[in-house]
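Subject: Structure handover

Hi,

Here is the structure you were waiting for. Please open it alongside this email.

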Amino acid sequence: MKKLESAAQQQVESLLRQQARLTLTAPLSGHMVSGRVADVSDALKSGTVVAQGEQLMQVLGKEGVRGEGWVDEETVTTLHTGDAAFFVPDSGETRAIRCKVGKIDRLNQTTLDQPLLASVYGGSIPVQINNQRLVPINTIFRVRLEPCEARQAPERELAGKVVLQSAHRSYLQRGWQWLVVSLGREAGL
């Protein structure tokens with residue numbers, strides 16, 4: 001009898017693990033919030049098998065704005081979390097949005113996952129297509145912008161420019177930071 005109970009318990013645990021693996025999640029502040037679905041992938045059809053980690057759609061919160069920007073090697077050495085930033089949409093449909101610099105990636109981005117920004121699709125980041133991937137021609141680093149002031153989230157994802165305001169640093173400090181960034185990139189740190 002104990003063997004049957006143990007086998008049944010193991011089967012239940014296995015099914016719960018499988019259910020957790022198959023649950024779709026959106027990274028919205030770590031708690032349940034309401035939102036709306038945007039930018040649904042063409043791959044999202046009944047019966048389609050999708051790769052783990054593939055972006056199927058975006059879930060936009062009703063309030064709050066955050067963004068991502070890409071900067072060159074020289075600029076990344078001057079940025080710090082908390083620095084002021086202003087997002088200016090290319091479309092002109094909204095005024096500039098005041099943000100703060102959040103997490104700064106210290107590793108070079110080897111692919112660009114935002115086709116909207118790729119030069120081959122009219123964006124401003126020079127890329128080439130290699131094995132169906134957008135590969136930046138120059139060294140770029142991702143910078144998150146959060147929190148951003150905005151009373152209501154935009155209806156869709158917007159492309160634009162980010163104006164960054166970082167504290168003045170001496171040439172010695174910039175040189176040291178450039179060296180640290182370069183070593184990290186080359187060493188894979």
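Below is what turned up, from the overall layout down to single residues.

One caution before the details: this is a predicted model. Every value here is computed from it.

**Overall layout**

The protein has 189 residues. Three helices and nine strands make up its secondary structure elements. Reading from the N terminus, the order is α-β-β-β-α-β-β-β-β-β-β-α.

Buried residues account for 25% of the chain. The accessible surface is about 13800 Å². Carbon and sulfur atoms contribute 54% of that surface.

**The disulfide**

How many disulfides does a search of the whole structure find? It finds one. The partners are Cys99 and Cys148, with an S to S distance of 2.1 Å. That falls within the 2.5 Å cut-off, so the pair counts as a disulfide. The link between Cys99 and Cys148 is right-handed, with 110° about the S-S bond.

What does the link tie together? Cys99 sits in strand β5 (residues 97-104), and Cys148 sits in strand β8 (residues 141-148), so the bond connects parts that are 49 residues apart in sequence.

Are the two cysteines buried or exposed? Cys99 is buried, at 3% relative accessible area. Cys148 is buried too, at 11%. Both values are under 20%, which is why both residues get that label.

**A nonpolar surface patch**

Val120, Tyr121 and Ile129 form a nonpolar patch on the surface. Together they have about 320 Å² of accessible area. Ile129 belongs to strand β6 (residues 127-130). Its relative accessibility is 52%. The cut-off for exposed is over 50%, so Ile129 counts as exposed.

**A buried threonine in a loop**

Where is Thr77? Look in the loop between α2 (73-76) and β4 (84-89). Thr77 is buried, with a relative accessible area of 5%. A polar atom of the Thr77 side chain lies 2.7 Å from the backbone oxygen of Glu74. That distance is within 3.5 Å, the cut-off for a polar contact.

**Where to look**

To see these points on screen, begin with Cys99 and Cys148. Then turn to the patch of Val120, Tyr121 and Ile129. Finish at Thr77 and the backbone oxygen of Glu74.

Best wishes

Conventions:
Residues numbered from 1 in each chain as written. Predicted model: local features only at pLDDT ≥ 70, side-chain atom pairs only at ≥ 80, totals over all residues. Heavy atoms only, no water. Helix = DSSP H or I, 4+ residues; strand = E, 2+ residues; numbered from the N terminus. Buried < 20%, exposed > 50% of the residue type's maximum accessible area, 1.4 Å probe, protein only. Areas by Shrake-Rupley, 256 points an atom, 1.4 Å probe, with all protein chains shown as cover. Patch = residues over 30% accessible without salt bridge, like charges linked within 9 Å, V, L, I, M, F, W, Y side chains within 5 Å. Salt bridge = Lys/Arg side-chain N within 4 Å of Asp/Glu carboxyl O. Polar contact = N/O pair within 3.5 Å; in protein donor to acceptor, adjacent residues only side chain to side chain.
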